[in-house]
Amino acid sequence: MSLKVAVLACVAVVALCDKAPVYAPPPPAYHAPEPAYHDPEPAYHAPEPAYHAPEPAYHAPEPAYHAPKHYEPEYPDVPPKYNYNYGVADGYSGVNLGHSESRDGYKTEGSYTVDLPDGRKQIVKYVDNGDGLVAEVTYEGEAQYPEHTPAYKPAPPAYAPPPPTYA
């Protein structure tokens, strides 16, 4: 039993002595020296100015412009009236189309034509009396769908397969 008491006493001593010692900070060993350099007194004194700037004689003028008044565009009370037409006929690209229109107030009439890729000509005539567009579409000619013949042929191979080797 005395061995148990001795071991317990050793454990208690080790547990109490486990702290690191705390020391006070050491006193400073170095003191900063007094500065040996002092700003010298100025040996030169600036003279008093002999010239005095005059008062400005120029005054900024008032602006010559005035802010614009709010402008509302004025539209005539006359109903619109116009006629126009145009056409395109390009022999190089094969484009052939046209458009014409006339308007008098709420009545608008016009037509346009275009050559379609299938060889037909599409003609659209339209009328609008102010209550909606009414269009009449007609076609001239018969659609043609020629048989497609590819012009591309792949080139023959530029190399020959390697000759077989036998081991």
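This is a predicted model: local features need pLDDT of at least 70, side-chain atom pairs count only at pLDDT 80 or more; totals for chains, interfaces and linings use all residues.

Q: Okay, strands. How many bridges join β1 to β2, and which way do they run?

A: General idea first: helices (H or I, at least four residues) and strands (E, at least two) are DSSP runs, numbered from the N terminus. Two strands pair if DSSP finds at least two bridges between them. Here, β1 and β2 run antiparallel and are joined by 10 bridges. Take Tyr82: its bridge partner in β2 is Arg103.

Q: And which strands come next in the pairing?

A: β2 (residues 95–104) pairs with β3 in the antiparallel sense, over eight bridges. In that pairing, Leu97 stands opposite Val114 in β3. Then β3 and β4 run antiparallel too, joined by eight bridges, with Tyr112 standing opposite Val124 in β4.

Q: What should I look at in the hairpins, where the chain turns back?

A: Count the residues between the strands, and check phi in the turn. The hairpin of β1 and β2 has four residues between the strands, and Gly94 there takes a positive phi near 85°. In the hairpin of β2 and β3, two residues sit between the strands, and Gly105 has a positive phi near 70°. For β3 and β4, five residues lie between the strands, and Gly119 in the turn has a positive phi of about 95°.

Q: Which residues make the nonpolar surface patch?

A: Patches are made of residues with over 30% relative accessible area and no salt bridge; like charges are joined within 9 Å, and nonpolar side chains (Val, Leu, Ile, Met, Phe, Trp, Tyr) within 5 Å. The areas come from the Shrake-Rupley method with a 1.4 Å probe, and for residues only the protein chains shown count as cover. In this model, Tyr82, Tyr84, Tyr86, Val88 and Val95 make a nonpolar patch of about 410 Å². Strand β1 (residues 81–90) gives the most to it, with four residues.

Q: What about His99: is it buried or exposed, and what does its side chain touch?

A: His99 is in strand β2 and is buried, with a relative accessible area of 15%. Now for polar contacts: each is a pair of N or O atoms within 3.5 Å; within protein, one must be able to donate a hydrogen and the other to accept it, and residues adjacent in sequence count only if both atoms are side-chain atoms. The His99 side chain makes one with the side chain of Tyr84 (3.5 Å) and another with that of Tyr126 (2.9 Å).

Q: How many salt bridges does the structure hold?

A: Side chains of opposite charge can pair when their charged atoms come close. The cut-off: a side-chain nitrogen of Lys or Arg within 4 Å of a carboxyl oxygen of Asp or Glu. This structure holds two. One joins Lys107 and Glu109, with the closest N and O atoms 4.0 Å apart; Lys107 is partly exposed at 43%, and Glu109 is partly exposed at 36%. Another joins Arg120 and Asp118 at 2.9 Å, N to O.

Q: Where is Asp118, and what else is it in contact with?

A: Asp118 sits in the loop between β3 (107–115) and β4 (121–128). Asp118 counts as buried at 12%, whereas Arg120 is partly exposed at 23%. Contact means heavy atoms within 4.5 Å. Leaving aside neighbours within four places in sequence, Asp118 is in contact with Glu142, Ala143, Gln144 and Tyr145.

How values were computed
Residues are numbered from 1 along each chain as its sequence is written. Side-chain values use heavy atoms; hydrogens and water are left out. Buried means under 20% relative accessible area, exposed over 50%, partly exposed in between (1.4 Å probe, protein chains only).
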